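Have the structure open and follow along.

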Amino acid sequence: MSSAPERRVVVTGATGNVGTSVVRILSEDPQIDVVHCIARRTPRDAPPKTTWTAADIADEECDLAADFAGASAVVHLAWAFQPTHHPPQTWRTNVLGSLRVFEATARAGVPALVHASSVGAYSPGPKDHKVDESWPTHGWPDAAYCREKAYLERVLDGYEREHPDMRVVRMRPAFLFKEEAASEQRRIFGGPATPAPVGKLARPGLLPFLPDVPGLRFQVLHTEDAARAYRLAVLGDARGAFNLAAEPPVDMPFLARLLKARTVRMPAAAARAALGTGWRLRLVRASPHLFDAVLGLPLMDCGKAREELGWRPESTAAEAVGALLSGLRKASGAHTPPLSSTPKTA
């Protein structure tokens, strides 16, 4: 009697916020034999059942199809948030690198591609009710992150037509938080203006007030809950797009309650001007263009993920934000280069 073929899953971007959780949850699943991980820099410690390739997905010399050969699914998570001051650099990794991943997945004959899209791919939408996956995905063109996520949605539209036998899944999660990713996210979005000691201000009762910006209402999700959705997509037969978010939506009064602070009304124009000044002076790394995008993001309905994936988040929005705040207070990290609390400079 012949044995069943090995189930091998490939994960790109395996060392980041989402990647570490996806790799762990896949490696712990008895239905999966090998998780092959691709990242620019490999970690000191790795979960069992994992193999590793150090590679830049945008490098033309990198033979991704060789790494993908024999895989039952490719989970594409690799993404660069910075530098926001040099969009061609993020375009190289995020768009050109993703195109290489898509092409290699088809060339290697992999039957399933699970792609990390985002709420950021959506066109501006409502804050008073939720939209499903049919809402337009044209992004916010002024923000590189949204522009790149939306562009890849269009690429995948054609890709699905060209490869009808391949199962393509597009995950569209809200903002993803976990304690171990707090130091990385402080570096990605804060920069020099938010050194590690500032994380102590995440302790309830220390901030005197938070700015309450009209329209600043968005969704979040614990990274571990997102990883569970990826696992369901890998092992199941679902295809198409899936919204992923926890309840309830987050606004500044919500955050103020968590931090035991009061809110002070601030016009969006004033908040944007302050952020824009900090960004231009390179004091903060979150761009004012991304702030504009967040103001316009729709709230997502996650009914399709519940019905077709059988997915429900285990953590509330308050718990997801709480994990981030706890990580900021502790300067938490993990044993991968992107998540390290004391990263080495390149």
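## Two cis prolines

Pro248 sits in the loop between strand 12 and strand 13; helices (H or I, at least four residues) and strands (E, at least two) are DSSP runs, numbered from the N terminus. The peptide bond that joins Glu247 and Pro248 is cis, with omega about -5°. Keep in mind that this is a predicted model: local features need pLDDT of at least 70, side-chain atom pairs count only at pLDDT 80 or more, and totals for chains, interfaces and linings use all residues. Residues are numbered from 1 along each chain as its sequence is written, and side-chain values use heavy atoms, with hydrogens and water left out.

There is another cis bond from Gln82 to Pro83, with omega near 10°. Look for Pro83 in the loop between strand 4 (73-76) and helix 3 (87-107).

## Strand 12

Back to strand 12 (residues 240-244): five of its five residues are buried, meaning under 20% relative accessible area, with exposed over 50% and partly exposed in between (1.4 Å probe, protein chains only). Strand 12 runs parallel to strand 7 (residues 167-173), and five bridges join them; two strands pair if DSSP finds at least two bridges between them. Arg172, for instance, has Asn243 of strand 12 as its bridge partner.

## Positive phi values

Lys260 has a positive phi of about 55°, though it is not a glycine. You'll find Lys260 in the loop between helix 7 and strand 14 (262-265), and it is exposed, at 65% relative accessible area.

Arg282 isn't a glycine either, and its phi is positive at about 60°. Arg282 lies in the loop between helix 8 (268-280) and helix 9 (288-296), and counts as partly exposed at 48% relative accessibility.

## Helix 11

Helix 11 (residues 317-330) has 14 residues and reaches 20 Å from its first C-alpha to its last, close to the 20 Å expected at 1.5 Å a residue; the expected span is 1.5 Å times one less than the number of residues. Its buried residues include Ala317, Val321, Leu324 and Leu328. Among the elements covering the buried residues of helix 11 are strand 8 (175-177), helix 5 (182-190) and helix 7 (252-259), where contact means heavy atoms within 4.5 Å.
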